[in-house]
Amino acid sequence: MSSIRFLCQCCHQPLRLAQDSSGLDSSQEPAASKPPSAQGPPGETPEEGSTSRVETDVEKLQDSASSWTLPGDGEMSRYNPRKFTLLGKLGSGRTLNSIQKATLGIFDILSGKGDLDHPLCEDCTDNLLEELDSRLTISESDCQNYERCVATAGERSEDERETLQEELRSVELEEARLAQQLEEAERSQGRVAAALEAAQAETEVLDQQERQHHKDYSELLWQHLELRDELSSVENQLQLAQTQLARLQKTNAFRSVFVIHKDGPLAAINNFRLGCLPTVPVCWTEINAAWGQAALLLVALSKAVGLEFQRYQLVPCGSHSYLKSLAGDGTELPLYYTRGQCPLLQNKFDQAMVAFLDCMQQFKEEAEKGELGLRMPYGIHVDRGLLEDPGPGGGLYAIRTHRSTEESWTNALRLMLTNFEWSLAWVSLRYCQK
């Protein structure tokens, strides 16, 4: 059995040749008719010459087979059916030339008019034969149809032919109409494509505008949030301001700034005692500060009622307050005193206290006007520099220190601060609530 192997040109599987393939080699020549190159040298037996020739032919065939190359997938070229891959070694049963000629003869017969190159395996050959059988069946059916049409064409009458001609013309007209509709549809397709392109461009522009609108909306929303935060902050500030305003409106400025109370036998304004007794000594620095607070209070009360003093101008300067005469000389009367100063300055201090009573009398006259006017509990006598207690056991008390006792002077100052306390209550009720 030969060990030469071939590849199927369809499934690329190795082929196994049948044993009786040599019987088809009808063109094999007898050994005596071979050329001298095919015979062995003289002195060799036929078997030895045949064996040496077989080995030589195998080497040449393998050398030539090694120089052939396969296409990309290992398939043999269809344009040269004699190029195939040789695998294995040749047995010693028959010569290589006889086997090759027989096999190539079979392949030539099979590949004479086929579309697929040979060699083929058995399965591929069966598939090829089935395909050829189906094509043959279709061709025979077409031939029968053609023969039937040719046979019946001569039997038709003139009317039938005219009817068929009319049908053919109507079909041609329908074809022309459909072709025209196809052209119109193609033109419509072109217009629709142009409109689609324009719509896509417009869509792109609208998309860009939409993105810009979203961006603007985000910015406006951010500004809205910021403004809302600012509005909330302003509302909170306004609420705080309104709360403070309500609290301040309920606050009595006069009562908050000026506090008059009694400190034992003495009267005090803003914790400064005004006056002194042999049993309760008070330094002049505190008394001068109390006179400064009293002067400031009288100026505030006069402004509350819209009063302008006529004869003196009261200038509050703390513990060094004074009154300035509005006459031509413009004399300044100090509303403070220092122990050990000359008697002349003490006389001016007395004049300043009397002038202070004059200013207080002007405020009293202005405040007593109207039905809801002020009614001070203690009377004032400016010309004599006295304050009068109308109650039982009362009397007149001098505001001067010259020719007066400390008890009388201190009682006069206490009555004066009591009048101021009533004035504070009256101004708070009438003017501060407005």
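I began with the surface: the chain exposes about 29,100 Å², and carbon and sulfur atoms supply 53% of that area. I keep in mind that this is a predicted model.

Next I checked burial and found that buried residues make up 27% of the 434 residues in the chain. For secondary structure I noted eight helices and eleven strands. I also looked at contacts between residues at least 6 apart in sequence, and 54% of them join residues at least 24 apart.

Back on the surface, I asked myself which residues form a nonpolar patch. I found Y217, L221, W222 and L225, which together have about 430 Å² of accessible area. I picked out L221 and placed it in helix 4, residues 158-250. L221 counts as partly exposed because its relative accessibility is 36%, and the range for that label runs between 20% and 50%.

Then I turned to the aromatic rings. The structure holds six aromatic pairs. One that I followed up is W284 with F349: the ring centres are 5.9 Å apart and the planes stand at 85 degrees, so I logged the pair as edge-to-face, the label for angles over 60 degrees. W284 sits in helix 6 (residues 284-305) and F349 in helix 7 (residues 343-367), so this pair ties together parts that are 65 residues apart in sequence.

Are these two partners buried or exposed? W284 counts as buried at 16% relative accessibility, and F349 is buried with a relative accessible area of 1%. My last entry is that W284 and F349 belong to one aromatic cluster with Y337 and W409.

Technical notes. Residues numbered from 1 in each chain as written. Predicted model: local features only at pLDDT ≥ 70, side-chain atom pairs only at ≥ 80, totals over all residues. Heavy atoms only, no water. Patch = residues over 30% accessible without salt bridge, like charges linked within 9 Å, V, L, I, M, F, W, Y side chains within 5 Å. Areas by Shrake-Rupley, 256 points an atom, 1.4 Å probe, with all protein chains shown as cover. Salt bridge = Lys/Arg side-chain N within 4 Å of Asp/Glu carboxyl O. Helix = DSSP H or I, 4+ residues; strand = E, 2+ residues; numbered from the N terminus. Buried < 20%, exposed > 50% of the residue type's maximum accessible area, 1.4 Å probe, protein only. Phe/Tyr/Trp six-rings, centres within 6.5 Å; stacked < 30°, edge-to-face > 60°. Contact = heavy atoms within 4.5 Å.
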